[in-house]
Amino acid sequence: MPRCFVELGVNKIRLTGGEPSLRHNLHTLIEQLALLPNQTMLAMTTNGLLLPQTAKLFKAHGLTSLNISRIPLKDRFKAITKFNALGQVLDGIDAAIEAGYWPLKINMVVMAGINEDEIMDFGSTL
């Protein structure tokens, strides 16, 4: 199926939806997509939790760009995500940079009444 899109001129592919890094053997899919002709970008949007273990593997198999969806800071992280893994996400950001993903895109979803007070803190934690 992706080959059809490439033949029509698509040259950027982004893996997203749910958490792509949970997919078994994702590195194999990345490798297959990277082999498609005329690719200028093969990207993935992730929550970053598994990047400490996978960033270098994904890079080696052809992933060219990462976008990390960053969720709230401080004590709200656990309340919103139902798990306490902010440190792991921050480690994932470090792992992505060490693997050579630069520039690294990091986005924050701002939720009214939940975390809009963290907007100014967002950049200072990176």
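The following legends describe close-up views of a predicted model.

Residues are numbered from 1 along each chain as its sequence is written, and side-chain values use heavy atoms, with hydrogens and water left out. Because the model is predicted, local features need pLDDT of at least 70 and side-chain atom pairs count only at pLDDT 80 or more, whereas totals for chains, interfaces and linings use all residues.

**View 1. Overall arrangement of the chain.** Six helices and four strands make up the secondary structure of the chain; helices (H or I, at least four residues) and strands (E, at least two) are DSSP runs, numbered from the N terminus. Along the sequence, these elements follow the pattern α-β-α-β-α-β-α-α-β-α. Of the 126 residues in the chain, 37% are buried, where buried means under 20% relative accessible area, exposed over 50%, and partly exposed in between (1.4 Å probe, protein chains only). Among contacts (heavy atoms within 4.5 Å) between residues at least 6 apart in sequence, 64% join residues at least 24 apart. The chain exposes about 7,400 Å², of which carbon and sulfur atoms supply 58%; accessible areas come from the Shrake-Rupley method with a 1.4 Å probe, and for residues only the protein chains shown count as cover.

**View 2. The four-stranded open sheet.** The strand order is β1-β2-β3-β4, with parallel pairing; two strands pair if DSSP finds at least two bridges between them. The edge positions belong to β1 and β4, each of which has a single partner strand, so one side of each is left without a neighbour in the sheet. From one strand to the next, the twist averages 20°. Strands of a sheet pair through backbone hydrogen bonds, either parallel or antiparallel. In this sheet, β1 and β2 run parallel and are joined by four bridges, with Lys12 having Met41 in β2 as its bridge partner. Four bridges likewise join β2 to β3, which run parallel, and Met44 stands opposite Leu66 in β3.

**View 3. Helices packed on the sheet.** Helix α2 lies across β1 and β2 and runs at about 170° to β1. Helix α5 also packs on the sheet, where it touches β3 (65–70) and β4, and its direction makes about 160° with that of β3. For these angles, axes are lines fitted to C-alpha atoms, for helices over the stretch in contact, and angles run from 0 to 180 degrees between N-to-C directions.

View 4. Strand β3 is largely enclosed by the rest of the structure, because five of its six residues are buried. Asn67 is located in this strand, β3, and counts as buried at 16% relative accessibility. Apart from neighbours within four places in sequence, Asn67 is in contact with Arg14, Met44, Thr45, Thr46, Lys105, Ile106 and Asn107.

View 5. Gly62 lies in the loop between α3 (51–60) and β3 and is partly exposed, with a relative accessible area of 21%. Residues up to four places away in sequence aside, Gly62 touches Ile30, Ala34 and Leu42. The C-alpha atoms of Gly62 and Glu31 are separated by 5.7 Å, although these residues are 31 residues apart along the chain.

View 6. Most residues other than glycine have a negative phi, and most peptide bonds are trans. Asn25, which is not a glycine, has a positive phi of about 60°. This residue, Asn25, lies in the loop between β1 (12–15) and α2 (26–34) and is partly exposed, with a relative accessible area of 38%. Asn38 likewise has a positive phi, near 65°; Asn38 occupies the loop between α2 and β2 (41–46) and counts as exposed at 62% relative accessibility. A cis peptide bond, with omega about 0°, joins Trp102 and Pro103, and Pro103 is placed in the loop between α5 (86–98) and β4 (105–108).

**View 7. A nonpolar surface patch.** Val110, Ile119 and Met120 make a nonpolar surface patch of about 320 Å². Patches are made of residues with over 30% relative accessible area and no salt bridge; like charges are joined within 9 Å, and nonpolar side chains (Val, Leu, Ile, Met, Phe, Trp, Tyr) within 5 Å. A salt bridge is a side-chain nitrogen of Lys or Arg within 4 Å of a carboxyl oxygen of Asp or Glu. Met120 is found in helix α6 (residues 119–122) and is exposed, with a relative accessible area of 73%.
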